[in-house]
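Try each one with the structure open, then follow the solution.

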Amino acid sequence: MTLTERDLNVIWHPYTQMKTAQPPIPIVRGEGLYLIDENGKRYMDVVASWWVNIHGHAHPYIAQKVSEQLNTLEHVIFAGFTHPTAVELAERLLEIIPNNQSKIFYSDNGSTAVEVALKMAFQYWYNSGTQKKKVLAFHNSYHGDTFGAMSVSARSAFTQAFEGLLFDVEYIDLPTHENLNGLKSKISSLKSQISSFIFEPLVQGAGGMIMYEAEPLNELIRFCKEQEILIIADEVMTGFGRTGKLFASEYLTEQPDMMCFSKGLTGGTMPLGITSCTQKIYDRFLSDDKLKTLFHGHSFTANPVACAASLASMDLLLSSQTQSQIQMICTKHTQFKAKIKNHQKLSNVRQTGTILAMDWNAGEETSYFNTIRDRLYYFFLQQGIILRPMGNVLYLLPPYCISPDELNLVYGKIEEALEVI
Ligand SMILES: *Cc1c(COP(=O)(O)O)cnc(C)c1O
């Protein structure tokens, strides 16, 4: 049996209709930008393996640090115990995230980082003697797949089976200079019920790489704070250099009460989640009353190996080499955007930092629209490039190790696709 046949015998894949899906591609090795299948075919990973990989695959420095950690301490219960890598990671992360953040709460993925933030927010009000049951979120948002995270994500085909089981969310449009006043009056009419406002700063990833401006978002955050709504910046996708700065929140002057991190946190090597918060949030849980404790934790909370991977990834991220790579990607994306932005088959060619996205026009025929995703996906796959359009949205979200020549090659293939698809 091939690896793929053995897989199909025993495995149920995520987001996959197993009846109709193509068999999965068996990847046996990773090397920098490349994933290598069992026949030796090399694929450029231009989606950073579900947006997590920032320094390339099987990075020797991260591998070395992880291996040292594995040989020293692989795991320890994190209630009543601590360990050096968790402490060092918390210290170093607090140095680079917005300076109002003062405590780090560990979990093990992006959805759990969001769950923790939501629970902190709801319980902040509970501990204050009030109850606020609603959350404010944007249309087209995505915050994860566990129930709380799914609740604050946009309602879609993905959440339909659970409709009615999800808690109460007030959805608003992305802020623009024009609609801000409307948004504000809606929010102020609901303010006594709203515990928190959660958003993906500047880029809504899974919603289709929807990009929006910092300035009206900043104004919206400022207004929510006035209304005593707690602010949660979900930087699970935008964190660690994606938007050109270390964190998307750096584009804002209004700082969040809580922040969520995962994905690039470990350089994409291991699952780890972090929710940071301000002293104000933290202090609201300090009490002689045990019921005011944040009762949340996971078996693998602050796993030492994942923390070691994160520290190694942070060393690499902050190096001048990676920082200039990030700027190089931003500059080249901007140049390529200028070149293709008026192409008749494209609309809304857009960029935030290292993310470049474009809508592939559907034309008149809806059947064409329905198959455009697959046609693009398989076109690039055949060329040894992993680009996974979301519907008709094609986007590039590369690891920072990609070279100018490799970027040029990908751009060239996109231009080729514009000719033939
Ligand atoms: C991916 C993602 C999540 C969920 O993270 P998982 O690790 O997949 O659970 C949450 N928020 C945002 C913005 C994301 O992109």
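Axes are lines fitted to C-alpha atoms, for helices over the stretch in contact, and angles run from 0 to 180 degrees between N-to-C directions. Helices (H or I, at least four residues) and strands (E, at least two) are DSSP runs, numbered from the N terminus. This is a predicted model, in which local features need pLDDT of at least 70, side-chain atom pairs count only at pLDDT 80 or more, and totals for chains, interfaces and linings use all residues. Residues are numbered from 1 along each chain as its sequence is written, and side-chain values use heavy atoms, leaving out hydrogens and water.

**Exercise 1.** Describe how helix H7 packs with helix H8.

*Solution.* 
- Start with the geometry: the axes of H7 (residues 180-190) and H8 (residues 214-226) come within 11 Å and cross at roughly 20°.
- List the contact (heavy atoms within 4.5 Å): H7 brings Leu180, Leu183, Lys184, Ile187 and Ser188, while H8 brings Pro216, Glu219, Leu220, Arg222, Phe223 and Cys224.
- Sort by class: Ala, Val, Leu, Ile, Met, Phe, Trp, Tyr, Cys and Pro count as nonpolar, Asp, Glu, Lys and Arg as charged, and the others, Gly among them, as polar. The contact of H7 with H8 then has seven nonpolar, one polar and three charged residues.

**Exercise 2.** Work out whether H3 and H10 are roughly parallel or antiparallel.

*Solution.* 
- Read the angle: H3 (residues 60-70) and H10 (residues 304-318) pack at about 150°, with their axes 8 Å apart.
- Apply the cut-off: H3 and H10 are therefore roughly antiparallel.
- Look at who meets whom: the contact includes Tyr61, Ile62 and Lys65 of H3 and Ala308, Ala309 and Ala312 of H10.
- Count the classes: the contact of H3 with H10 divides into 10 nonpolar, two polar and two charged residues.

**Exercise 3.** Find side chains that place an N or O atom by a ligand oxygen.

*Solution.* 
- Begin with the residues around the ligand (a heavy atom within 4 Å); among them are Trp51, Asn109, Ser111, Tyr142, His143 and Lys263.
- Check for polar contacts, here pairs of N or O atoms within 3.5 Å. A side-chain N or O atom of Asn109 is 3.3 Å from a ligand oxygen.
- Ser111 has a polar side-chain atom 2.5 Å from a ligand oxygen, and for Lys263 the distance is 2.6 Å.

Conventions: A polar contact is a pair of N or O atoms within 3.5 Å; within protein, one must be able to donate a hydrogen and the other to accept it, and residues adjacent in sequence count only if both atoms are side-chain atoms. Angles under 35 degrees count as roughly parallel, over 145 as roughly antiparallel, 65 to 115 as roughly perpendicular and the rest as oblique.
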